[in-house]
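Please view the sequence and the structure first.

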Amino acid sequence: MRNQLATELLFSLSQPGRRGALYPAADVPVKPLEELIPKSALATEPTGLPEVTESDVIRHFVNLSTLNMCVDTHFYPLGSCTMKYNPKRHERLASLPGIVDLHPYQNPSDLQGMFELLYETQEMLAEISGLPAVSLQPAAGAQGEFTALLTAKAYFEDRGEKRTKVLFPNSAHGTNPASAAIAGFDCVQLASSKAGLVDLEDLKAHLDDQTAVFMVTNPNTLGLFEKDIKQIAQMVHDAGGLVYIDGANMNAILGITRPGDFGGDMMHYNVHKTFTGPHGAGGPGSGPIAVRDFLAEFLPGPVIKRNETASADEDRYVLEMPAKSIGRVRTFYGNIGILVRGYLYLRTLGAKGLKAVSENAVLNANYLKAILKDVLPVPNGDLCMHEFVASASKIKSQNGITAMDIAKRLLDFGFHAPTVYFPLVVPEAIMVEPTETESKETLDAFAEALRTILKEDPAFLHLAPHSTNICRPDEVVAARNPILQCCEPQ
Amino acid sequence: MPYLFNTPEQQQEMLQAIGVDSLEALFATIPAELRLNRPLDIPPALTEMELQAHVSQLAAKNVGPGSRVCMLGGGAYDHFIPAAVDEIARRGEFYTAYTPYQAEASQGSLQTFFEFQSLICQLTGMDVSNASLYEGGTSVSEAAFMAMRVTNRHDRVVLLGSLHPEYLQIVETYLTHLNCEVVVVPCDNGCVDPADVDAAMNDQTACLVIQHPNFFGTLEEAEQLTEIAHKYGALAVVSYDPISLGILTRPGDYGADIAIAEGQSLGTPLQFGGPYLGLFSCSEKFVRKMPGRLIGQTVDRNGKRCFVLNLQAREQHIRRDKATSNICSNQGLIAIRAAVYLSLVGKQGIREVAELSCQKAHYAAEQLSQIEGIDLMFPDRAFFKEFVVSCSEGADYLLRKARQAGFDLGPELSRFEFKNGAETYRTGVLVAITEQRTREEIDRLVTALKA
Amino acid sequence: MDQSNLKFTKTHEWVSVEGEIATVGITDFAVNQLTDLVFIELPQVGSTCEAGKVFGEVESVKAVSDLYSPVSGEITEVNEALVDDQSPLSDDPFGKGWITKVKISNASELEQFMNADDYHKFCESEAH
């Protein structure tokens with residue numbers, strides 16, 4: 001039975017004088033604050049934070065948490081997001097003393113275990129990508145893109161070249177053009193071919209001596225491997241540009257093929273996706289990048305190096321700023337807590353395990369696609385990789401059922417919705433990524449639910465979901481008159 | 001194999017349904033010459049037991065606060081984290097969920113982030129807060145970008161030289177290649193001189209970035225500096241210490257247009273520098289120029305109050321190259337930690353944490369400065385919980401001696417490049433004191449350093 | 001609404017000219033494509049606009065669209081009422097939903113635009 005008070009706002013629980021955390025009295029001689037801090041800098045009023053007890057806080061947020069669907073409780077086939085199982089050992093081990101409590105400015109000699117872990121992570125990411133130089137700094141994929149683009153810019157400037165354009169296909173994630181714009185490049189969007197791949201003719205038409213970088217997701221956002229990637233890379237290289245691989249879809253190709261081997265010069269990982277970060281209700285992510293050797297000296301710093309000839313009283317692992325570094329893109333060293341989890345995951349799986357991840361992710365996606373093909377057509381491609389993009393376009397024109405209706409109704413059947421309306425190149429897109437950590441039984445049940453839904457009364461579906469605590473929030477009202485906090489501005 | 005489900009028999013069934021005869025055949029679209037025809041060269045797999053032993057060994061090679069008292073600062077602090085914070089953040093319903101794109105399946109996250117935004121507004125006195133950015137440093141560059149959009153001045157920003165040197169580096173990385181001039185006002189005595197700031201500003205400047213308390217722990221003339229920014233039609237961007245707002249005037253009270261912070265102090269462990277929490281709040285009139293996710297209140301089909309991702313048209317997945325930022329993810333789980341932390345400490349607790357830190361820091365400063373050869377670098381400056389000492393024998397000597405006695409101080413200022421700072425900074429060492437430190441610890445440090 | 005005096009662009013703006021002042025808005029077709037509008041950003045009065053260049057934008061919940069100026073000139077007036085309430089854009093796009101008035105600097109720019117009949121044919125072809 002759901003607690004009916006669950007969605008009361010925390011602030012409404014506040015009563016003057018309630019305490020959730022108590023602190024000891026000062027054990028040092030206390031002076032009037034006015035003697036320590038100029039009066040003009042001291043607040044005259046207390047903050048407007050609420051006054052609640054610890055049990056208020058726990059009950060409130062635990063109840064709220066139960067309003068979420070999550071990987072621990074539900075199949076969550078959200079395309080492009082790789083919602084795989086988050087191993088519990090990661091939470092325990094990443095919280096060990098000596099890992100979770102290290103301060104970023106400690107003496108390097110006292111951090112050798114952490115440096116070793118991060119160095120090994122760099123090495124494994126280099127091997128998996130086929131790109132030898134790694135920076136762990138970027139906080140997320142989007143920052144990885146930005147960082148790599150700046151690295152490319154520095155490289156070209158160092159060569160005395162001024163290249164101004166970044167190219168990407170129209171199926172690209174929104175972060176690609178956004179990152180390129182913030183890195184100061186002009187954005188050029190290319191068409192996709194009928195098959196949903198990079199249109200070679202359009203690429204050729206746009207490549208010139210102003211082209212700095214071609215950004216491509218491979219496998220692409222339609223879940224298809226860019227089979228001409230080698231030729232694409234050659235074309236870009238012939239024009240003097242660099243190839244950036246958006247690694248959002250690495251889950252499909254671990255140990256099977258490597259960006260460095262298929263022509264990529266730079267890439268980012270999404271540790272929170274591929275290496276089960278976890279997603280944390282929207283973050284934190286971690287977006288380390290890997291690049292070719294000739295780009296290494298431009299990477300943001302510091303990077304971790306191993307001193308192979310260190311004597312007994314020297315540190316084996318040291319921090320180093322690359323010679324022509326673009327500088328810093330964030331404070332400290334990276335989203336270490338997430339990188340530690342990535343390390344744990346890689347050490348749990350090993351080479352064989354990683355390959356099995358991709359094989360099973362691709363198997364699950366193709367299986368689901370196959371058993372749904374009579375009811376949910378997939379416009380592009382025969383075999384998909386780790387995800388597929390179906391279109392509800394035909395269904396919509398037949399009986400008015402939209403991708404949104406299907407997504408919402410799936411919630412009633414106890415399945416999280418797939419990604420809908422992305423990529424933009426597929427009308428009424430339904431993007432399904434089952435991941436490898438789901439069983440055939442789950443996939444069968446999901447397919448069955450979809451079949452049932454597609455036979456339901458469209459009018460009923462327009463009003464779905466019917467079992468959640470809310471239904472179809474009015475986003476127009478929200479956007480016209482934004483209410484972004486619950487208290488009156490003071 | 002861990003985390004996989006399908007038995008070999010099921011795999012065969014599935015392959016059959018697909019119409020291929022092997023797993024290998026599923027990858028037919030990848031040209032053969034691009035395949036990696038060898039196993040990845042990475043260390044062998046470990047079972048959970050082996051992994052735990054391995055990581056424990058690595059952890060043992062580090063020296064953590066378990067064996068040393070942490071008086072380190074410089075933007076990351078050892079404040080106390082109540083157990084309830086971990087309890088909530090460890091709930092799979094939060095940490096194994098994704099960005100709340102499907103509102104009906106995500107009201108838990110959405111309401112929590114809405115309350116996070118509300119709590120940050122209450123803490124800062126600002127009108128609106130987003131649902132978080134990466135961390136404190138990139139919050140500065142995002143604020144500068146936003147100020148450029150708001151003022152339509154894209155060529156110049158002014159930053160105080162007392163800003164965290166890493167924040168300055170980040171801004172330079174982000175802005176200089178866009179042909180935006182990054183002007184740093186010199187700071188050679190622990191604080192900037194407002195007259196120098198006034199001289200550095202002009203009517204082409206998008207914003208003035210102030211850190212208060214600043215990197216050296218000392219207090220700037222925040223209100224006066226804000227007024228100077230406004231005099232030139234620039235936005236006043238203030239980077240604050242969230243704990244300090246338990247006793248200091250709030251950015252919203254002295255006219256900040258954008259208030260940003262590193263939010264790690266609000267319930268997130270040090271974890272070697274990340275993930276942390278970028279706090280970002282501003283005046284309501286700039287809301288459509290804000291970066292990052294925003295949660296809004298609305299009603300559902302049946303008129304019930306609920307929460308949604310709001311004003312998404314600002315963001316990269318819709319606006320693409322014209323987005324207000326390239327940021328997609330935020331720091332959801334860390335924002336949840338901060339929401340729980342601020343709820344727990346509440347109105348009275350935040351004041352106590354701030355006051356305890358401030359009182360103990362002043363006691364420590366007083367005691368340390370009585371040691372021969374150790375001086376406060378800026379004895380005339382007011383500070384909050386962090387201060388700079390200099391040692392006649394050099395920073396390394398001081399740090400080493402403290403470590404031997406079981407204390408970590410720092411960071412030493414020589415770690416950083418101060419482009420517009422005094423040469424004397426090189427001998428300085430930061431000392432940060434939180435509410436967790438005790439008189440006994442401080443006295444013990446002083447005794448050891450005297451010896 | 002009589003659209004016979006209006007001229008139309010391929011980017012779905014309309015323009016009506018009286019003397020040297022052009023009134024500019026967006027068409028019902030454009031508004032329908034964008035669905036529920038939630039926000040409009042208008043240019044400053046006194047600023048200049050250039051034919052074919054962006055002078056503002058309209059936003060719906062899930063989309064944003066640039067507004068392209070059909071003509072070059074100086075913005076003499078903007079429809080401030082739209083900032084608080086965008087409903088005239090859909091309820092009366094050719095009347096109360098006007099967006100800007102521009103003092104035209106180059107009248108020859110007007111010659112390239114479509115009349116109402118041609119525009120409707122153009123929209124039909126776009127919809128398919």
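## Salt bridges

A salt bridge is a side-chain nitrogen of Lys or Arg within 4 Å of a carboxyl oxygen of Asp or Glu. The model is predicted: local features need pLDDT of at least 70, side-chain atom pairs count only at pLDDT 80 or more, and totals for chains, interfaces and linings use all residues. Side-chain values use heavy atoms, without hydrogens and water.

In chain B, R35(B) and E24(B) form such a bridge, at 2.8 Å from N to O. Both residues lie in the loop between helix 1 (8–18) and helix 2 (48–60) of chain B, so the pair ties together parts 11 residues apart in sequence; helices are DSSP runs of H or I with at least four residues, strands runs of E with at least two, numbered from the N terminus.

R35(B) counts as buried at 17% relative accessibility, whereas E24(B) is partly exposed at 47%. Buried means under 20% relative accessible area, exposed over 50% and partly exposed in between (1.4 Å probe, protein chains only).

## A second pair in chain B

R250(B) and D253(B) also form a salt bridge, with their closest N and O atoms 3.2 Å apart. R250(B) is buried at 6% relative accessibility, while D253(B) is partly exposed at 46%.

## A strand in chain A

Strand 10 (residues 388–391) of chain A is covered on both faces: F388(A) and A390(A) on one side, and V389(A) and S391(A) on the other, are all buried. Strand 10 runs antiparallel to strand 12 (residues 429–432) of chain A, joined by 4 bridges; strands pair if DSSP finds at least two bridges between them.

Terms used: Residues numbered from 1 in each chain as written. Chains lettered and ligands numbered in written order.
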